[in-house]
Amino acid sequence: MAIEYAVYRSELLGDLYIASDGEAIMKVELFPEEWCAFAGGHPVVQSRSPLLERALRQLDEYFHGRRRTFDLPLKWKGTPFQEEVWAALCRIPYGETATYADIAAQIGRPKAVRAVGQANRANELAIIVPCHRIVGKNGALVGYAGSRTDVKAKLLELERRYQSRFS
């Protein structure tokens with residue numbers, strides 16, 4: 001079975017690739033080179049399915065300050081620990097940040113700070129599972145998609161700009 005995908009054209013970040021298995025969103029990729037690596041290993045077909053249309057609409061609402069959280073079926077592919085971290089990421093409020101240590105403590109594993117960082121890095125549902133809201137213990141923008149902290153900064157600034165709409 002082919003993976004369906006759609007492309008969201010963001011003024012802020014450029015093209016975002018959203019993939020679905022027909023039942024749930026399974027990937028949101030911000031970087032074309034990563035998308036090419038993913039798509040090269042799977043049969044993919046561009047689609048305008050109702051699910052992908054809904055994802056595109058919700059991303060558009062997010063980028064225009066009209067959505068704080070996403071309401072989409074998601075298919076997470078990770079270990080139980082990673083999935084626990086990703087669930088914790090989804091509880092970080094819009095426009096706010098948390099540290100790796102905060103998430104480790106929240107899931108009851110205070111010494112697992114580095115493992116939280118690795119789980120954050122393994123998140124395949126960028127923006128929807130808001131790994132961009134994680135900062136270093138001193139508040140520094142660290143560890144987003146390797147060295148792409150510029151993207152993290154743009155997403156956090158976007159959320160801060162629109163945060164008052166939701167207060």
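Biologist: Is Trp-35 buried or exposed?

Modeller: Trp-35 is buried, with a relative accessible area of 5%. Buried means under 20% relative accessible area, exposed over 50%, and partly exposed in between, with a 1.4 Å probe and protein chains only. Before you go on: this is a predicted model, where local features need pLDDT of at least 70 and side-chain atom pairs count only at pLDDT 80 or more, while totals for chains, interfaces and linings use all residues. Residues are numbered from 1 along each chain as its sequence is written, and side-chain values use heavy atoms, with hydrogens and water left out.

Biologist: Noted. How many aromatic pairs are there?

Modeller: The count comes to eight aromatic pairs. The rule takes rings of Phe, Tyr and Trp (its six-membered ring) and pairs them if their centres lie within 6.5 Å; planes under 30 degrees apart count as stacked, over 60 as edge-to-face and the rest as tilted. One of the pairs is Tyr-5 with Trp-35, which is tilted, at 5.2 Å centre to centre and 50° between the planes.

Biologist: What does that pair tie together?

Modeller: Tyr-5 lies in strand S1 and Trp-35 in helix H1 (residues 32-40), so the pair ties together parts that are 30 residues apart in sequence. Helices (H or I, at least four residues) and strands (E, at least two) are DSSP runs, numbered from the N terminus. Tyr-5 also counts as buried, at 16% relative accessibility.

Biologist: And why is the pair of Tyr-62 and Phe-70 called tilted?

Modeller: The ring centres of Tyr-62 and Phe-70 are 5.7 Å apart and the planes are at 40°, so that pair is tilted. Tyr-62 is buried at 0% relative accessible area, and Phe-70 is buried at 17%. Both belong to one aromatic cluster made up of Tyr-8, Tyr-62, Phe-63, Phe-70 and Tyr-94.

Biologist: Switching to H2. Which of its residues are buried?

Modeller: In H2 the buried residues are Leu-51, Leu-52, Ala-55, Leu-56, Gln-58, Leu-59, Glu-61, Tyr-62 and Phe-63. They pack against strand S1 (3-10), strand S2 (14-20), strand S3 (25-29) and helix H6 (149-162). Contact here means heavy atoms within 4.5 Å.

Biologist: What span should H2 have?

Modeller: The 14 residues of helix H2 (residues 50-63) should span 20 Å at 1.5 Å a residue, and the end C-alpha atoms are 20 Å apart, which agrees. The expected span is 1.5 Å times one less than the number of residues. Just after H2, Gly-65 takes a positive phi of about 75°.

Biologist: Which residue other than glycine has a positive phi?

Modeller: Ile-127 has one, with phi near 70°. Ile-127 sits in the loop between helix H5 (113-122) and strand S6 (134-135), and counts as buried at 1% relative accessibility. Most residues other than glycine have a negative phi.

Biologist: Back to S1. What does Val-7 touch?

Modeller: Leaving out residues up to four places away in sequence, Val-7 touches Asp-15, Leu-16, Tyr-17, Gln-46 and Leu-56. Val-7 lies in strand S1 and is buried, with a relative accessible area of 15%.
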